[in-house]
Amino acid sequence: MKQHTTRESWLLAAVELLKPLFGAKGYVVPEALVSCGFTSTGVRSGHIGQCWSKRSSSNEINQIFIAPTLESPFEVIDTLVHELVHAIDDCEHKHGKEFKKIALKMGMKGPMRSAGAGPELKETLNALLLKLGPYPHGQLKVSMRKSPRSNRPRAKCKTCGYQVPMLKKFLSYGPPICPKDKVDMEALGDWEDSI
Ligand SMILES: [Zn+2]
Ligand SMILES: [Zn+2]
């Protein structure tokens with residue numbers, strides 16, 4: 001068993017092992033560049049993989065990205081299978097019936113947007129993982145949450161409760177005066193940058 005030192009070498013070796021599985025169902029996996037990387041929709045989209053069509057790439061080769069936020073090698077290879085279905089379709093039909101036909105034939109299940117291995121394919125993939133050896137990766141722990149609203153700098157009038165959000169560039173001016181009560185408003189949230 002080869003010990004892969006980069007995620008790309010592991011992913012490309014995985015593609016080679018997956019080719020016969022697709023081949024057995026009559027599908028040819030096109031040449032594809034596969035890397036560990038974020039999707040263009042960003043980490044907060046929750047998307048764990050992305051496949052680009054040949055026409056998106058100057059060398060006319062499909063490009064696939066597998067999110068670094070995935071932890072287990074199984075999730076990685078499961079996502080890779082999903083993206084390879086897109087590559088076979090050259091991303092022509094998104095998750096439409098053409099995609100579904102390939103996915104179901106391969107033994108995938110679930111809503112097509114997130115279709116993954118059904119029980120039988122799962123077993124096959126687990127066997128492939130033994131051949132592949134460890135995925136040389138550490139799960140990237142990225143917060144999926146937006147910075148909490150409660151921390152945004154804002155000002156509030158203690159008398160009437162009037163509130164306004166503050167723009168960062170004007171924080172140094174200090175809290176404004178309530179237009180109604182003409183008193184200094186209270187600074188709430190994160191004013192750290194200026195005060
Ligand atoms: Zn998809
Ligand atoms: Zn007021």
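I started at strand β2 (residues 49-52): Gly49 and Cys51 point one way, Gln50 and Trp52 the other, and all are buried. For me, buried means 20 or more other C-beta atoms within 10 Å of the residue's own, with C-beta atoms placed from the backbone. In a regular strand, side chains do alternate between the two sheet faces.

Bookkeeping: I'm on a predicted model, where local features need pLDDT of at least 70, side-chain atom pairs count only at pLDDT 80 or more, and totals for chains, interfaces and linings use all residues. Residues are numbered from 1 along each chain as its sequence is written, while chains are lettered from A and ligands numbered from 1 in the order written.

Next I checked pairing, which takes at least two DSSP bridges between two strands. β2 runs antiparallel to strand β3 (residues 62-66) over 4 bridges, and Cys51 has Ile64 as its bridge partner in β3. Strands here are DSSP runs (E, at least two residues) and helices are H or I runs of at least four, numbered from the N terminus.

Then I found an open sheet of 3 strands, ordered β7-β6-β8 with antiparallel pairing. Its edge strands are β7 (163-165) and β8 (186-188), each pairing on one side only.

Last, the helices. I see Leu11, Ala14, Val15, Leu18 and Phe22 in α1 meeting Ile77, Leu80, Val81, Leu84 and Ile88 in α2, where contact is C-beta atoms, placed from the backbone, within 7 Å.

Methods. Contact = placed C-beta atoms within 7 Å. Buried ≥ 20, exposed ≤ 12 C-beta atoms within 10 Å, placed from the backbone.
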